[in-house]
Amino acid sequence: MRDPFFTPPGLLVNAATPIAKSLALKSLPYHAHEILPAFCFYQFINRVVSPYVSARLAPKTYPHLSRKTKVDWNVHFVSMVQSCFINALALWVIYADKERRNMDWKERVWGYTGAGGMVQGFAAGYFAWDLLASAEDVDVHGWGALFHAASALIVSMMGFRPFVNYYGVNLVLYELSTPFLNIHWWLDKLGMTGSTLQLVNAIALLTTFAGSRLVWGTYQNYSMYKDIWRAVQSPGELPVPSWLALAYLASTTFLSGLNLYWFGKMIQAVAKRFQGPKEGNDKKTR
């Protein structure tokens with residue numbers, strides 16, 4: 001299936017080609033017109049849209065937040081926009097791209113479709129922005145968020161070799177739980193901790209997180225590892241370099257480990273909010 005986004009400008013393709021050749025990312029020039037606008041779009045949302053909209057939707061809360069909490073709020077705003085967009089896009093490509101659906105194991109490792117590249121292009125643009133945002137305010141987001149952004153960017157960029165582009169699109173569905181995570185965070189800041197709405201959202205959050213990241217993600221990673229191992233063991237026309245296999249597996253394994261760790265932390269956080277009222281529970285750090 002062709003990339004349904006507009007045709008990449010020749011000037012941008014030519015500018016990106018030397019970089020792509022030096023990094024062995026053959027399909028990168030044909031998706032630079034998705035990576036760069038996505039990066040700029042999310043930066044614009046973070047710097048302009050979120051502060052403007054948030055101050056009007058939450059006039060009693062947002063203007064009075066500390067600098068660090070405002071930074072975190074804006075990142076959640078960007079995350080909400082991105083996760084809703086990329087989930088819809090990935091689900092549509094998984095459903096509509098018949099060429100991708102009929103791939104065998106070789107094509108799942110080395111295959112490529114324009115539509116799949118489009119999903120990875122928009123995802124890479126976001127992860128590039130996320131890496132910048134995490135590095136700028138590592139005191140707010142923590143080192144775990146920085147390493148997560150770096151690993152996610154590496155994985156998405158490797159899809160432009162192309163390499164396991166098929167699984168890259170599937171793993172984008174990690175983001176199905178992200179909207180509920182953002183809502184959960186906002187409810188805390190809006191003084192709705194322990195509310196019925198937060199309980200319903202917490203159930204949705206834990207269910208989608210376990211389903212998309214632990215069940216779906218583990219299954220996709222297992223299938224991907226199996227296909228990569230088969231490619232490594234098959235000395236054919238398209239062998240998988242050991243360094244590439246190890247780099248990709250290390251990144252995806254790190255992300256899977258983070259998902260398991262975060263799931264445990266989320267269960268603890270949700271349980272704490274619904275154990276019953278304690279003195280000072282209604283006080284929020286701002």
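Start by selecting Met158, which sits in helix H8. The model you are viewing is a predicted one. Met158 has a relative accessibility of 10%, so the residue counts as buried. Between Met158 and Tyr248 lie 90 residues of sequence, yet their C-alpha atoms are 7.9 Å apart in space.

Is Trp143 buried or exposed? Its relative accessibility is 55%, so Trp143 counts as exposed. With Trp143 they make a nonpolar patch on the surface. Together the three have about 350 Å² of accessible area.

**The aromatic rings**

Next, show the aromatic side chains. How many aromatic pairs does a search of the whole structure find? The search gives 15. Zoom in on Phe41 and Tyr42. Their ring centres are 5.4 Å apart and their planes meet at 55°, so this pair is tilted. Phe41 is partly exposed, at 42% relative accessibility. Tyr42 is buried, with a relative accessible area of 3%.

Move on to Tyr126 and Trp129. This aromatic pair is tilted, with 5.8 Å from centre to centre and 35° between the planes. Both residues belong to helix H6, residues 114–136. They are 3 residues apart, about one turn of the helix.

**Charges over rings**

Select Arg56 and Tyr52: Arg56 lies over the face of Tyr52, 3.7 Å from the ring centre. Then select Lys189 and Trp185. Here Lys189 lies over the ring face of Trp185, at 4.5 Å from its centre.

**Salt bridges**

Side chains of opposite charge can pair when their charged atoms come close. The count for this structure is 6 salt bridges. Begin with Glu136 and Arg47, whose side chains meet at 3.2 Å, N to O. Which helices does this pair tie together? Glu136 is in helix H6 and Arg47 is in helix H2 (residues 32–57), so the bridge ties together parts that are 89 residues apart in sequence. Glu136 is partly exposed, at 42% relative accessibility. Arg47 is partly exposed too, with a relative accessible area of 48%.

Now select Asp137 and Arg67. Their side chains form a salt bridge of 3.3 Å, N to O. Asp137 is in the loop between H6 and H7, while Arg67 is in helix H3 (residues 67–96), so parts 70 residues apart in sequence are tied together. Is Asp137 buried or exposed? Its relative accessible area is 15%, under the 20% limit, so Asp137 is buried. Arg67 is partly exposed, with a relative accessible area of 47%.

Asp139 is partly exposed, at a relative accessible area of 43%.

A network of salt bridges links Arg67, Lys68, Asp137 and Asp139.

Definitions and conventions: Residues are numbered from 1 along each chain as its sequence is written. This is a predicted model: local features need pLDDT of at least 70, side-chain atom pairs count only at pLDDT 80 or more; totals for chains, interfaces and linings use all residues. Side-chain values use heavy atoms; hydrogens and water are left out. Rings of Phe, Tyr and Trp (its six-membered ring) pair if their centres lie within 6.5 Å; planes under 30 degrees apart count as stacked, over 60 as edge-to-face and the rest as tilted. Buried means under 20% relative accessible area, exposed over 50%, partly exposed in between (1.4 Å probe, protein chains only). Helices (H or I, at least four residues) and strands (E, at least two) are DSSP runs, numbered from the N terminus. A charge sits over a ring if NZ of Lys or CZ of Arg is within 6 Å of the ring centre and within 35 degrees of the ring normal. Patches are made of residues with over 30% relative accessible area and no salt bridge: like charges are joined within 9 Å, nonpolar side chains (Val, Leu, Ile, Met, Phe, Trp, Tyr) within 5 Å. Accessible areas come from the Shrake-Rupley method with a 1.4 Å probe; for residues, only the protein chains shown count as cover. A salt bridge is a side-chain nitrogen of Lys or Arg within 4 Å of a carboxyl oxygen of Asp or Glu.
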